[in-house]
Amino acid sequence: MGAEQVLLGALGDVGWQATRKLATIPPTAGVPDPEPLSLPGRGQTVVVDVGPRQAPAIILLHSVACTGLLTWYPVLDRLSAHYRVVVFDQRWHGQGIRSHQFTLQDCADDVVAVADALGIDRFMIAGYSMGGMVGQMVAYQQRERVSGLVLCSTASYFRRGVRQRVALDLFGRTLQLMRDQAKIGLVPGDPRRERLARLEDHRWALAEFRSTSPWAIAVALDEIGRFDSAPWLHRLRVPTSVVVTSRDGFIAPAHQRSLARRIPGAATYEIPAGHTACVLAANQFVPALMAACTSVHAAIADEETARVREEEPDSA
């Protein structure tokens with residue numbers, strides 16, 4: 001039995017409940033096409049770079065088993081009205097870097113390499129799930145480069161075992177349901193004249209899902225299981241907001257809240273949604289993300305104002 005059959009054969013109520021919501025997937029029309037980006041000495045990925053070039057830059061890091069666009073496309077329009085938004089596929093995912101091994105440290109180093117390749121000196125990071133873990137590492141290791149941090153549906157550690165099996169079930173059942181609907185051309189609840197457009201949305205999302213192999217997902221989950229930022233998170237000195245998905249069956253809401261408490265001064269935004277909120281509950285997630293980004297941006301501005309005042313000569 002192949003890896004994909006193992007994924008699709010998993011049983012569990014959490015995954016099934018999540019996939020039932022696929023009829024709510026936001027329209028994908030107008031999603032920009034990613035462009036190839038070479039990272040010297042590292043490999044090649046694909047990137048979407050939108051928004052005003054003079055605006056503050058924000059790099060978006062996606063979830064495990066997803067691509068950059070699949071995680072973040074519902075928020076691109078609103079976010080790019082205020083920021084220069086960069087989305088790329090992380091290694092072993094989608095069209096991201098192919099390498100002999102997968103480590104979160106390499107993923108963190110890739111973020112800086114992408115910023116360098118695009119000529120971006122300082123940037124905010126927004127990370128979802130696995131991307132939030134990578135974002136924590138970059139913010140801690142590259143304080144002079146990272147101006148702010150938005151962590152979504154993530155934690156300071158991820159326990160292996162039951163939650164990994166639930167995660168595999170969720171991804172497998174999502175793929176199965178999307179395949180079935182793509183074959184018959186039906187999306188529950190859609191009127192006939194909208195079926196074709198909705199079918200194309202599902203086909204696009206299915207193609208994004210399938211661009212990451214089940215084997216790569218399993219390896220990435222194993223690596224995530226070793227992540228633990230708790231020993232150093234209290235030393236993270238960067239404006240931070242945390243978006244908590246309070247009905248999450250993958251990363252426990254209590255772990256997400258604990259993450260926020262461990263980071264000095266972090267603001268928290270909570271929504272009653274599950275781990276797939278970035279797409280399947282976008283109507284809740286997008287406003288929360290925008291508020292979290294606004295909060296971080298304001299804190300960055302306050303830091304810069306305070307620094308300028310400290311550098312001014314004493315008028316006396």
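**View 1. The sheet is open, has eight strands in the order β1-β2-β4-β3-β5-β6-β7-β8, and shows mixed pairing.** The model is a predicted one, in which local features need pLDDT of at least 70 and side-chain atom pairs count only at pLDDT 80 or more, while totals for chains, interfaces and linings use all residues. Residues are numbered from 1 along each chain as its sequence is written, and side-chain values use heavy atoms, with hydrogens and water left out. Helices (H or I, at least four residues) and strands (E, at least two) are DSSP runs, numbered from the N terminus, and two strands pair if DSSP finds at least two bridges between them. Strands of a sheet pair through backbone hydrogen bonds, either parallel or antiparallel. Because β1 (35–39) and β8 (267–271) stand at the edges with a single partner strand each, one side of each is left without a neighbour in the sheet. From one strand to the next the twist averages 25°, where axes are lines fitted to C-alpha atoms, for helices over the stretch in contact, and angles run from 0 to 180 degrees between N-to-C directions.

**View 2. Strand β5 is largely enclosed by the rest of the structure, because six of its six residues are buried.** Buried means under 20% relative accessible area, exposed over 50%, and partly exposed in between, with a 1.4 Å probe and protein chains only. In a regular strand the side chains alternate between the two faces of the sheet. In β5, F123, I125 and G127 point one way and M124, A126 and Y128 point the other way, and all are buried. On one side, β5 pairs with β3 in the parallel sense over four bridges, and A126 of β5 has L60 opposite it. Strand β5 also pairs with β6 in the parallel sense, over six bridges, with G127 standing opposite L151 in β6. S129 counts as buried because its relative accessibility is 2%.

**View 3. Helix α5 lies across β1, β3 (57–61), β4 and β5, and runs at about 110° to β1.** The helix has 14 residues and reaches 20 Å from its first C-alpha to its last, close to the 20 Å expected at 1.5 Å a residue; the expected span is 1.5 Å times one less than the number of residues. Since 10 of the 14 residues of α5 are buried, the helix is largely enclosed by the rest of the structure. Among these buried residues are L104, D106, C107 and D110. Their cover includes β1, β3, β4, β5, α6 and α9 (214–224), contact meaning heavy atoms within 4.5 Å. After α5 comes G119, whose phi is positive, near 75°.

**View 4. Helix α13 packs on the sheet, where it touches β3, β5, β6 (146–152), β7 (240–245) and β8.** The direction of α13 makes about 155° with that of β6. At 1.5 Å a residue, the 30 residues of α13 (residues 282–311) should span 44 Å, and the end C-alpha atoms are 43 Å apart, which agrees. The buried residues of α13 include A282, F285, V286, L289 and I300.

**View 5. Seven aromatic pairs are counted in the model.** Rings of Phe, Tyr and Trp (its six-membered ring) pair if their centres lie within 6.5 Å; planes under 30 degrees apart count as stacked, over 60 as edge-to-face and the rest as tilted. One of the pairs is formed by W92 and F102, which are tilted, at 5.9 Å centre to centre and 50° between the planes. Both W92 and F102 are buried. Phi of W92 is near 70°, a positive value in a residue other than glycine. The rings of Y128 and F285 have centres 5.5 Å apart and planes at 80°, so this pair is edge-to-face. Because Y128 lies in strand β5 (residues 123–128) and F285 in helix α13, the pair ties together parts that are 157 residues apart in sequence. Ring pairs also link W72, Y128 and F285 into a cluster.
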